[in-house]
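Please keep the sequence and the structure at hand while reading.

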Amino acid sequence: MRVTSSATADVGLAGRLAGLGGAVVRLSWPFRPAALDTGWAVFSALNLAAIFAVAGWETIPFHFIWISFTLVYGFRTWAPRPTLVVLGVVMATTAAAIGHDVAGGSEPAAELTEVPLMAAMFVAMVWHARRKLTAEQESRRFGEENARLLATQRRFLQDASHQLRTPITIALGHAELLAGGLTGDQETHDIEVVLGELNRLRRIAERLLVIAAAEGPEFLQTEAVELDGFTMEILRRWQPTADRRWQLGRLDKVTVQADRERLGLAVDALLENAVRHTAGGDVIKLSVVAVGYGLPVRLIVADTGQGIPAELLRHVFDRFRSGSSRGTGLGLALVSAVARAHGGDVLAQSTPGQGSEFELLLPAPAGPLELMPGPAPGTAAEAGAADGRLARKP
């Protein structure tokens with residue numbers, strides 16, 4: 001074996017092993033570490049014996065020993081001290097085997113340079129593997145810490161909300177009793193303010209509970225929900241609450257797997273937001289649009305109210321960001337939490353002075369869709385219900 005060809009082969013092998021080391025460290029499967037170590041020791045001993053037994057033919061068994069050593073380290077990722085001990089043993093034994101051939105005259109003395117070359121290559125692979133392992137451990141630690149902090153925050157919100165509900169309910173009961181016995185205008189006004197603020201606090205506590213619970217695995221109790229009937233039921237319930245032009249837009253007949261109660265809370269929050277930012281005579285319209293198979297179903301709440309400024313639109317789903325002094329700042333955050341818990345999303349678009357449109361996106365249902373497009377916007381027929389059953393204010 002020539003020195004020049006051997007050195008060239010070792011350089012190429014060094015590059016291949018360096019890349020192999022980075023890939024091997026990521027591989028794993030169920031195995032017994034002791035069995036793996038024993039198997040490698042037996043394999044290396046056989047190759048070492050072959051070097052002693054066959055003079056002048058050390059290339060293949062020599063490289064088998066070092067390649068297998070690299071593979072075993074990749075799977076085992078030993079601690080630094082055992083790694084150095086095993087590296088020293090491998091260097092000593094392979095150097096002794098090649099030295100035996102050199103002493104016998106079958107190989108030139110320059111062949112001994114392969115041992116430190118392979119050792120340097122192995123050390124470089126170890127450094128890279130341990131650096132990568134350290135980075136993965138740090139990333140895992142930060143991830144676990146973030147998860148712990150999020151869980152702590154969620155528990156705090158749940159506990160605080162639970163603790164707030166009882167005193168708020170008691171205070172509301174006493175305030176209502178006081179309101180019944182007051183006759184003066186100022187006292188009546190004052191107690192109405194107290195009742196209003198207590199009701200606002202109660203809504204905040206309830207919404208905080210929902211938002212905090214949205215990350216939990218038992219948050220949703222899903223069932224088949226027919227969105228067209230579900231939407232008409234909600235609109236019928238909301239119609240008497242505000243002097244608006246309540247309308248149904250397009251209603252596609254589509255059934256999704258959803259939590260009816262949670263989904264109702266989200267749509268209620270969207271309608272509450274629409275009422276708060278519209279005035280008498282403005283339009284609030286609900287639609288259900290299923291564009292096609294595999295695409296999300298869109299439950300849309302649109303209004304012709306005051307709209308949302310562009311600088312506020314990007315923050316509308318943030319907690320405690322409200323465009324009204326009467327709002328809790330949690331309604332749209334609740335909508336986002338419910339949508340994401342269902343595997344969907346919520347989108348908003350708005351033009352100041354012309355109105356807003358919120359889309360609650362739900363995962364596409366399995367099976368065919370029955371599309372039932374409503375009348376074109378702006379026509380007189382738009383004010384009628386999609387099935388003729390829902391009465392509506394003019």
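In which sense, left-handed or right-handed, does α6 pass α10? The crossing of α6 with α10 is left-handed. The model is a predicted one.

**Helix pair**

Helix α6 covers residues 185-213 and helix α10 covers residues 331-341; their axes come within 9 Å and cross at roughly 25°. Angles under 35 degrees count as roughly parallel, and α6 and α10 are therefore roughly parallel to each other. On the α6 side, Arg207, Val210 and Ile211 make the contact, and on the α10 side Gly331, Ala333, Leu334, Ala337 and Val338 do. Sorted by class, the residues in this contact of α6 with α10 are six nonpolar, one polar and one charged.

**Sheet**

Five strands form an open sheet in the order β2-β4-β5-β7-β6, and their pairing is mixed. β2 (245-251) and β6 (345-351) are the edge strands; each has a single partner strand, so one side of each has no neighbour in the sheet. From one strand to the next, the twist averages 15°. Strand β4 (residues 283-290) pairs with β2 in the parallel sense, over five bridges. Within this part of the sheet, arginine 245 has valine 283 in β4 as its bridge partner.

**Helices on the sheet**

| Helix | Residues | Strands | Angle |
|---|---|---|---|
| α7 | residues 227-238 | touches β2, β4, β5 (297-303) and β7 (355-362) | about 175° with β2 |
| α8 | residues 260-276 | lies across β2, β4, β5 and β7 | about 175° to β7 |

Key: Residues are numbered from 1 along each chain as its sequence is written. This is a predicted model: local features need pLDDT of at least 70, side-chain atom pairs count only at pLDDT 80 or more; totals for chains, interfaces and linings use all residues. Side-chain values use heavy atoms; hydrogens and water are left out. Axes are lines fitted to C-alpha atoms, for helices over the stretch in contact, and angles run from 0 to 180 degrees between N-to-C directions. Helices (H or I, at least four residues) and strands (E, at least two) are DSSP runs, numbered from the N terminus. Angles under 35 degrees count as roughly parallel, over 145 as roughly antiparallel, 65 to 115 as roughly perpendicular and the rest as oblique. A crossing is left-handed if the near helix is turned anticlockwise from the far one by less than a right angle, and right-handed if clockwise. Contact means heavy atoms within 4.5 Å. Ala, Val, Leu, Ile, Met, Phe, Trp, Tyr, Cys and Pro count as nonpolar, Asp, Glu, Lys and Arg as charged, and the others, Gly among them, as polar. Two strands pair if DSSP finds at least two bridges between them.
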